Amino acid sequence: MRALIAGNWKMHGLRADIAAIALPLREPAEALVCDLLVCPPATLVEPVAQALAGSRVAVGGQNCHSKAAGAHTGDIAAPMLRDAGATWVILGHSERRADHAETDALVRAKVLAAADAGLTPIVCVGETERERMAGRQTAIVGAHLAGSLPDGFAGVVAYEPIWAIGTGHIPTPADVTAMHAFIRGELVRRFGQGGLSIRILYGGSVKPANAAALLNLPEVGGALVGGSSLKADEFLAVARAVTA
Ligand code: PEP
């Protein structure tokens, strides 16, 4: 199973930035031993997909609605992302859960909508600092997995401790290993053999300086990268840390 390095641009990027952030990924991606994905804001999905057409870099959205169409002002449907050139979508990111009160049930409905539209979902799970301090991290992540993943789930899970996102603080290797082992166990318990082939990404302050250490931990099948995905050289340095 190849590792996946996915970039989440969040609410950053104008058309003028495509030349600096996306285009420099085209050629180097050929030599990488991992899969590369960029998830720009919705307005840039189409131009980024055009800029990367014919390359080995995939393009994804950062969210989609649970319905394929309808009276939902300001939302974006999964078929629209697909139509714009996306093949992936990030769902249930902690910023969406916090800013838009997204529940596990809503995330699960979005996963189904994404799959119907031919998008591969990356479902984010993770605990707050307070929850970790209280020793509740596996209970929280277990609940996210149980509630957010539908039966027959065919996508990727991203473990993102909320306190590590954008802060420069990362969990210890032992903590990442323990959580990824827990997630793998939950996936196998729920999906049987199929649970073995679901990639589990780590996300939260992944940078070139810490990428190799994180990506070589057991059951870490790649990374979801925020800040460092906005600089092509940093994003490529993270991707190059994948060596097998
Ligand atoms: C994220 O946006 O999912 C993320 C992990 O951000 P950062 O890498 O900036 O912590």
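Ala, Val, Leu, Ile, Met, Phe, Trp, Tyr, Cys and Pro count as nonpolar, Asp, Glu, Lys and Arg as charged, and the others, Gly among them, as polar. This is a predicted model: local features need pLDDT of at least 70, side-chain atom pairs count only at pLDDT 80 or more, and totals for chains, interfaces and linings use all residues. Residues are numbered from 1 along each chain as its sequence is written, and side-chain values use heavy atoms, without hydrogens and water.

**Exercise 1.** Describe the shell around the ligand by class.

Solution. 
- Count the residues with a heavy atom within 4 Å of the ligand. There are 14, and the closest are Lys-10, Glu-160, Gly-166, Ser-205 and Gly-226.
- Sort the shell: 4 nonpolar, 8 polar and 2 charged residues.

**Exercise 2.** Find polar partners for oxygen atoms of the ligand, using pairs of N or O atoms within 3.5 Å.

Solution. 
- Start with a side chain: a polar atom of Asn-8 lies 3.1 Å from a ligand oxygen.
- Turn to the backbone. A polar backbone atom of Gly-166 is 2.6 Å from a ligand oxygen. For a backbone N or O atom of Gly-227, the distance is 2.8 Å.
- Check the burial: the ligand alone exposes 290 Å², and the protein buries 97% of that (Shrake-Rupley method, 1.4 Å probe).

**Exercise 3.** Classify the packing of helices H6 and H8.

Solution. 
- Locate them: H6 spans residues 104–116 and H8 residues 137–148.
- Take the geometry: the angle is about 45 degrees, and the axes are 7 Å apart.

Terms used: Near = heavy atom within 4 Å. Polar contact = N/O pair within 3.5 Å; in protein donor to acceptor, adjacent residues only side chain to side chain. Axes fitted to C-alpha atoms, helices over the stretch in contact; angles between N-to-C directions. Helix = DSSP H or I, 4+ residues; strand = E, 2+ residues; numbered from the N terminus.
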